[in-house]
Amino acid sequence: MNEILDPTDVKTYAVRTLGCQMNVHDSERMAGLLDQAGIVPVELVPEKAARATEAGDQGADILVINTCSVRENAANKLFGQLGQLKSVKDARPDMQIAVGGCLAQQLRDGIIKRAPWVDVVLGTHNLDVLPTLLERARHNKKAAVEIEESLKVFPSTLPAHRESAYAAWVSIAVGCNNTCTFCIVPHLRGKERDRRPGEILAEIEAVVAQGAIEVTLLGQNVNSYGVGFGDRGAFAKLLRSCGDIEGLERVRFTSPHPAAFTDDVIDAMAETPNVMPSLHMPLQSGSDRVLRAMRRSYRSAKFLGILDRVREQIPHAAITTDIIVGFPGETEEDFQQTLDIVEQSRFSSAFTFLYSPRPGTPAADMDNQVPAEVASERYQRLLALQQRITLEENEKLVGQRVDVLVSHDGGRKDTQTARITGRAADNRLVHIGLPDHSTHNIRPGDMVSAVVTHAAPSHLVADSALSGGLFEVRPTRAGDAYEASERRKAHLAEEAAGRAPVSLGIPSIPVRKK
């Protein structure tokens, strides 16, 4: 039996994600749980989205904030956001606010003590209880807080509301066994737990069957994958197995750890065609003395050796990194060693961070904290160096062909410049000029090939089509999947608006193509 709904009767949600790719993955799972509970994304109900305020509530009946504890002043920023939401909560008492993620795992009921208008707090180990906690808080008219000390349900086993129809995050492990002195993540995510290879490959096959052509394998330390079940070569084998999955065109992974990065992984990258020539290899510091204080179990010579071996087998690989500036006790000599390593490494880009103490980490209690003005000046020097290197490396690509997977978030300038945007095989951002200012019916998920005509520090421009040069479009299954997802969203919006009957949701049986 079908039913016409009043838009005001439809319960809506929004998820705000802070932090790393693992948080994005977890947010997709929490959204999937809310979908399963019959709650719909607020953007599908314009009548409710229209009541959004500058506080970031998005007009939703349920707002989930998935937090990160790694960024500087993470707690202050969270409570600042929650403070802004209080007026929304006062105006709409039935609205519910849920806080999850690493900061929730760390602060626990301290969040309720400082922001008593929050309804739900849950940690990183029990995402599956989100709908239950929301209902408990609603029924009891009291905040529901539930934090587990160890993983109860592997997030990847939960339903997912994937943000992209053409690319997917697939978690291969959660937690971390390293003890870096600056990092709170192992304390909040727990010891590393690996999924079995068969489960991972089954999930990849499932998302590919749904239309995805790119998969990113996620873990706090992906190349230690397999230690939990006694196979130190498991990650390289997993990469090779991804090469056997029909329809999977691009495989990426993040993040590895230099101490555990082995040659069998490099071999697998070089010999598996759908593993992309991009590698994120966190340096953190170029000073061996600082690396020792960070409890990073490698030294600069080992790090450079990894880069040499990668480039020997994959000459066109784009290598990115993470660097912390101003770690306790860092001297000018230490920092100069970092600059020297950056110059030698020729990273395609770098995520650079000013060190800030994280409560509960050994580094927070170390002597010789670097003065803020000293750290800031060093940071600016590092930034200038890396921007120069990035531009120089990008300029080497002018005149070369790039094959770009078109993204759905094309960029603010695309409608003005008649360009589309996506990622090249090496993960560089590319803006592609369209001939005759036409979209050519190019969809997110389709592949476009062009020649690079200009380089900038943050992107490449491939305007070869504007002068009659290379411009090739390859429609893909991923583009088909994107179109189908947009039609599904439109239908759900019609249902939520009361302009279409609500279907029973009985699935049809797909016809297998030969």
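In this predicted model, Phe303 has a relative accessibility of 0% and therefore counts as buried, the limit for that class being under 20%. Phe347 is likewise buried, with a relative accessible area of 0%. The structure holds five aromatic pairs, and one of them is formed by Phe303 and Phe347, whose rings lie 6.1 Å apart from centre to centre with 65 degrees between the planes, an edge-to-face arrangement. Because Phe303 belongs to helix α12 (residues 300-313) whereas Phe347 is placed in the loop between α13 (332-345) and β14 (349-354), the pair ties together parts that are 44 residues apart in sequence. Together with Tyr298, Phe303 and Phe347 form one aromatic cluster.

Aromatic rings also take part in arrangements with charged side chains. The charged end of Arg196 sits over the ring of Phe229, at 4.5 Å from the ring centre, and the charged end of Lys86 sits over the ring of Trp117, at 5.7 Å from its centre.

An unreviewed UniProt entry lists Cys20, Cys68 and Cys102 under "binding site". Although these positions are spread over 83 residues of sequence, they cluster in space, the largest C-alpha distance being 10.6 Å. Cys20 is found in the loop between β1 (12-17) and α1 (21-36) and is partly exposed, with a relative accessible area of 34%. Cys102, by contrast, lies in helix α4 (residues 102-107) and is buried, with a relative accessible area of 7%. When neighbours within four places in sequence are left aside, the residues in contact with Cys102 are Thr67, Ser69, Thr124, Leu188 and Arg189.

Conventions
Residues numbered from 1 in each chain as written. Predicted model: local features only at pLDDT ≥ 70, side-chain atom pairs only at ≥ 80, totals over all residues. Heavy atoms only, no water. Phe/Tyr/Trp six-rings, centres within 6.5 Å; stacked < 30°, edge-to-face > 60°. Helix = DSSP H or I, 4+ residues; strand = E, 2+ residues; numbered from the N terminus. Buried < 20%, exposed > 50% of the residue type's maximum accessible area, 1.4 Å probe, protein only. Lys NZ or Arg CZ within 6 Å of the ring centre and 35° of its normal. UniProt positions renumbered as here; feature names shortened; annotations may be inferred. Contact = heavy atoms within 4.5 Å.
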